[in-house]
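Please look over the sequence and the structure first, then read on.

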Amino acid sequence: MIPCIAKKSAGWFGALFFVLLFSSARSAADDWQPAEVAAEFGFSMTRFHYAEFNDTSRVLDTEQGVIPGLSFRLAQRPLAWGRSWEWEGLAGYHYGRVDYTGQTQSGVPYNTRTGEEISDYALRMGPWFEGSYPVMPYAGLGYRRWDRDILPASLGGLFEFYRWKYVWLGTKITAYQQCASNLTLDIGWIKPVDPVLHVDFRGAYNVSPRLNPGSRDGLRLMLTSRSAFPENTTLILEPYFEYWKLGRSPSLTTGGITVHEPASRTSNFGFNLRIGKMY
């Protein structure tokens, strides 16, 4: 089941953008030394794996399949207060259909296809500490939107849309560097903030419940390889893994029915392939 969130995270992103802009303006008067901006855009592919569980941790249903998409990154590494800093904005979009394996409320096996549309946006920044293996601890904020359209088979279908802001804390470690080419390991903890889910029963019930799944710890890992080419061009290959977990929502009674969102886990393996340019 699902709830809709209309607040979005404009306030969060606005606050972080304000910090970045304010820092740039303030540092222009002291020791801030702007750097070139890197813009990267390209193709993405993820193997989506989602599962819901009942209160005894038994699997209720799963959704699995490969979903294509797009990947974007905008970043800058200015010098400030004697240290190299990095800020970056990341965006991803995936759209496609996967296999749904589950059951009806009466326990009858039920298989169909599910349309998935996933958008993810994040801002993060942190300082670089030089050494044999340069390290950058970072902090960031993100916003995730997931539309889940369980397509009609023998039943009438079901549409759910999830929204949540999230906190992103982690560390980047440069394992290899030669001129502008490098290999970076990125390890991050992600935590949904006030996840919301809205359910559309496609006319089966004349209600649209809004549910609040529990927030649980998640993980995001990326291994980013950048290869430098002439004219400030870079080829980026970035395999990644991300793990999201939501707890069972409280039950909600509306329109004569009682609904809740089961506990769930999402484990995605994928890669981004981007072309970058320095400006």
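The model described here is predicted. F43, F229, L235, L237, F271, L273 and I275 make up this surface patch, which covers about 600 Å². L273 is placed in strand β15. Its relative accessibility is 37%, so L273 counts as partly exposed.

## The chain as a whole

The protein chain holds one helix and 15 strands. Of its 279 residues, 48% are buried. Contacts between residues at least 6 apart in sequence were also counted, and 68% of them join residues at least 24 apart. The chain exposes about 13900 Å², of which carbon and sulfur atoms supply 61%.

## Salt bridges

The structure has 25 salt bridges.

| Pair | N to O distance | Strands |
|---|---|---|
| R226 and E40 | 3.2 Å | β11 and β1 |
| D120 and R144 | 2.8 Å | β5 and β6 |
| R274 and E238 | 3.0 Å | β15 and β12 |

The salt bridge between R226 and E40 is formed by their side chains. R226 lies in strand β11 and E40 in strand β1, so this pair ties together parts that are 186 residues apart in sequence. Both R226 and E40 are buried.

D120 and R144 form a salt bridge of 2.8 Å between the closest N and O atoms. The pair links distant parts of the chain, with D120 in strand β5 and R144 in strand β6 (residues 135-150), 24 residues apart. Both D120 and R144 are buried.

The side chains of R274 and E238 meet at 3.0 Å, N to O. This pair also links distant parts of the chain, as R274 is in strand β15 and E238 in strand β12, 36 residues apart. R274 has a relative accessibility of 1% and therefore counts as buried. E238 is buried too, with a relative accessible area of 6%. Salt bridges that share partners join a set of residues into one network, including E40, R226, E238 and R274. Among the other members of this network are R73, R77, E86, E88, R124, K172 and D186.

## Cavities and a pocket

There are three cavities of 30 Å³ or more. The largest cavity has a volume of about 360 Å³. Its lining consists of 23 residues, and G92, D120, R220, E242 and N272 lie nearest its centre. At least two lining residues each come from β1, β2, β4, β5 (109-127), β11, β12 and β15. D120, one of the residues nearest the centre of the largest cavity, is the partner of R144 in the salt bridge described above.

The second largest pocket holds about 770 Å³ of space. Elements that give two or more residues to its lining are β1 (37-53), β2 (59-76), β4, β7 (158-178), β8, β11 (218-229), β12 and β15. The largest share of this lining comes from β11, with five residues. In total the pocket is lined by 37 residues, and those nearest its centre are R77, E86, N182, R226 and M278. Of these, R77, E86 and R226 also belong to the salt-bridge network.

S84 is in strand β4 (residues 83-103). With a relative accessible area of 15%, S84 is buried. Beyond residues up to four places away in sequence, S84 touches R77, P78, L79, P127 and W128.

L183 is in strand β8 (residues 181-200). It is partly exposed, with a relative accessible area of 28%. Neighbours within four places aside, L183 is in contact with I173, T174, A175, Y176, L223, T224 and S225. The C-alpha atoms of L183 and S227 are 8.9 Å apart, while 44 residues separate the two along the chain.

Two residues stand out by their backbone angle. Most residues other than glycine have a negative phi. S57, which is not a glycine, has a positive phi of about 70°. S57 is in the loop between β1 and β2 and is exposed, with a relative accessible area of 54%. D194 is not a glycine either and has a positive phi of about 50°. D194 lies in strand β8 and is exposed, with a relative accessible area of 54%.

Key
Residues numbered from 1 in each chain as written. Predicted model: local features only at pLDDT ≥ 70, side-chain atom pairs only at ≥ 80, totals over all residues. Heavy atoms only, no water. Patch = residues over 30% accessible without salt bridge, like charges linked within 9 Å, V, L, I, M, F, W, Y side chains within 5 Å. Areas by Shrake-Rupley, 256 points an atom, 1.4 Å probe, with all protein chains shown as cover. Salt bridge = Lys/Arg side-chain N within 4 Å of Asp/Glu carboxyl O. Helix = DSSP H or I, 4+ residues; strand = E, 2+ residues; numbered from the N terminus. Buried < 20%, exposed > 50% of the residue type's maximum accessible area, 1.4 Å probe, protein only. Contact = heavy atoms within 4.5 Å. 1 Å grid on protein atoms, 1.4 Å probe; cavity = no way out; pocket = protein on both sides within 12 Å on 5 of 7 lines; lining within 4 Å. Points joined across faces, edges and corners; volume = space filled by probe spheres on them.
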